[in-house]
Amino acid sequence: MSESWFGQTFEVTLGSPGHGGFCVARHEGRVIFVRHGLPGEVVRAKVTEDRGGSFCRADAVDIVTGSTDRIEPLCPISGPGGSGCCDYSHTTLAAGRAMKSAVVQEQLRRVAGIDREVSVEELPLTADGTGWRSRVRLAVDGAGRAGFHRYRSSTILPELACPQAVAGSYDGLGDAQWRPGSELTVTVDGAGDRHVVEIAPAALSRTGRRSPGRRGASARRAASAQPRAEKAVIGSGRAHEFVSGREWALDSTGFWQAHRGAAQVYSDVVAEWSDAKDGDVAWDLYGGVGVFAASLADGVGPTGRVVSVEFSRRAATDGAQALDDLPQVRFAPGRVERSVEALPAPSVVVLDPPRAGAGKDVVAAVAARGPERIVHIGCDPASFARDAKLYADAGFHLDDVRAFDAFPLSHHVECIGRFVR
């Protein structure tokens, strides 16, 4: 094991962006993953984590030779030693999208063996990269103050200054006293109403910390198993959202796309790429409250069938109420991997799995049922590429792919792929 470099500072030249919000540098034969820098810059990098082996992690604490894409950081709490919220806060939006494009292409090439040019597209309502996030999850420290976790740390930064959130999201929250160890979910819904829900520490300790803005297994389990642990302290706790003229009412802690322009755009892509025809059977897996099921229902018509599978029974109930005028849609609460064998054989399948991806069991089960087309939504380029490789091994070709800057100021990116036999 090499000598630890923790706390040491080195002058390095930054190379290409890597998946995770850093640029790759090399020093004395080792790789350094450097945050807060840009490709081509010469920086002084201070090592923040070194567990031995071939790489370590560092922050760019001084810019020796800066990039023309560098700007004054838009997020005041995201720099070295700060929160992990905005790791692309220091670059232009165009340069950030170019870095995300490079990461998506590299993951597809390296993991899936797919050489494809991908251009990350801007979503509406984010001209300057701020004010797009309609859902924020805040931690509460031991003194009862709300804030954000520091990067790769359990400590909490009690400053509500991240600019991703919709205007007014934090109003009054920094002055209030909360239960130490709890979490707050802050939602500004499509009607413009704010909902703040406090989640008790006991529920968090049993289910694990829930991921902000993206559905995960622990989030679905907590939502269905711990309803009494959630207390609405501002607003009703019931959010109202709108896509294609249709309204959904759902728990404000339930899953909805964090970017306030994303649900409509993704729904439009699903409607086009699913190419559902009258009388078809379509699956909507990890379907939430059925936004994509509604798009599929228009395609299959009254003689077709859409089955939406979602683990959260509350989400399935809310979806069934929102789509009660579409008898061709059926909600089937349950785990995807345990449900698909009992479903009618589909012509098209839409999947929007958690950040970890669908995985080999789900992909194999879907492919075994013989759909003609699969539309796969993924919020992590590495897991998207892993699933793309699984689809290829199962006889499906990546016919088209689009990527969206659904998380401006951060390294995160959303990918949608159309796979055909």
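Over which residues does pLDDT stay under 50? That stretch is residues 207-227. The model has 54 contacts beyond four places in sequence for these residues.

## Confidence

This is a predicted model. The chain has a mean pLDDT of 94. Of its residues, 93% reach 70 or more. Residues 207-227 stay under 50.

## Helices H1 and H9

Helix H1 covers residues 93-112, and helix H9 covers residues 381-393. Their axes are 8 Å apart. The packing angle is about 35°. The crossing of H1 with H9 is right-handed.

H1 brings Val103, Val104, Gln107, Leu108, Val111 and Ala112 to this contact. H9 brings Pro381, Ala382, Phe384, Ala385, Arg386, Ala388 and Lys389. By class, 10 of the contact residues are nonpolar, one is polar and two are charged.

## Helices H4 and H5

Helix H4 spans residues 262-274, and helix H5 spans residues 291-300. Their axes come within 9 Å. They cross at roughly 35°. H4 makes a right-handed crossing with H5.

On the H4 side, the contact is made by Ala263, Tyr266, Ser267, Val270, Ala271 and Ser274. On the H5 side, Val291, Phe292, Ser295 and Leu296 take part. The contact of H4 with H5 has seven nonpolar residues, three polar and no charged. An α-helix has 3.6 residues a turn, so residues three or four places apart point the same way.

## Helix H8 and its cover

Helix H8 runs over residues 359-368. Its buried residues include Val362, Val363, Ala365, Val366 and Ala367. What lies over them?

After H8 comes Gly370. The phi of Gly370 is positive, near 75°.

## Aromatic pairs

How many aromatic pairs does the structure hold? There are 10. One of them joins Trp5 and Phe10. Their centres are 4.8 Å apart, with 55° between the planes, and the pair is tilted. Both Trp5 and Phe10 are buried.

Phe33 and Phe55 form another tilted pair. The distance is 5.0 Å centre to centre, and the planes are 35° apart. This pair links distant parts of the chain, 22 residues apart. Phe33 sits in strand S4 (residues 30-35), and Phe55 in strand S6 (residues 55-65). Phe55 is partly exposed, because its relative accessible area is 35%, between the 20% and 50% cut-offs. Elsewhere, Phe384, Tyr391, Phe396 and Phe419 form one aromatic cluster. Phe384 also belongs to the contact of H1 with H9.

Leu125 is a residue other than glycine with a positive phi, near 75°. Leu125 lies in the loop between strand S7 (120-122) and strand S8 (135-140). Is Leu125 buried or partly exposed? With a relative accessible area of 47%, Leu125 is partly exposed.

Tyr286 also has a positive phi, near 55°, and is not a glycine. Tyr286 is found in the loop between S16 and H5. Why does Tyr286 count as buried? Its relative accessibility is 8%, and buried means under 20%.

Note on methods. Residues numbered from 1 in each chain as written. Predicted model: local features only at pLDDT ≥ 70, side-chain atom pairs only at ≥ 80, totals over all residues. Heavy atoms only, no water. Axes fitted to C-alpha atoms, helices over the stretch in contact; angles between N-to-C directions. Helix = DSSP H or I, 4+ residues; strand = E, 2+ residues; numbered from the N terminus. Left-handed = near helix turned anticlockwise from the far one by under 90°. Contact = heavy atoms within 4.5 Å. Nonpolar A, V, L, I, M, F, W, Y, C, P; charged D, E, K, R; others polar. pLDDT = per-residue confidence, 0-100. Phe/Tyr/Trp six-rings, centres within 6.5 Å; stacked < 30°, edge-to-face > 60°. Buried < 20%, exposed > 50% of the residue type's maximum accessible area, 1.4 Å probe, protein only.
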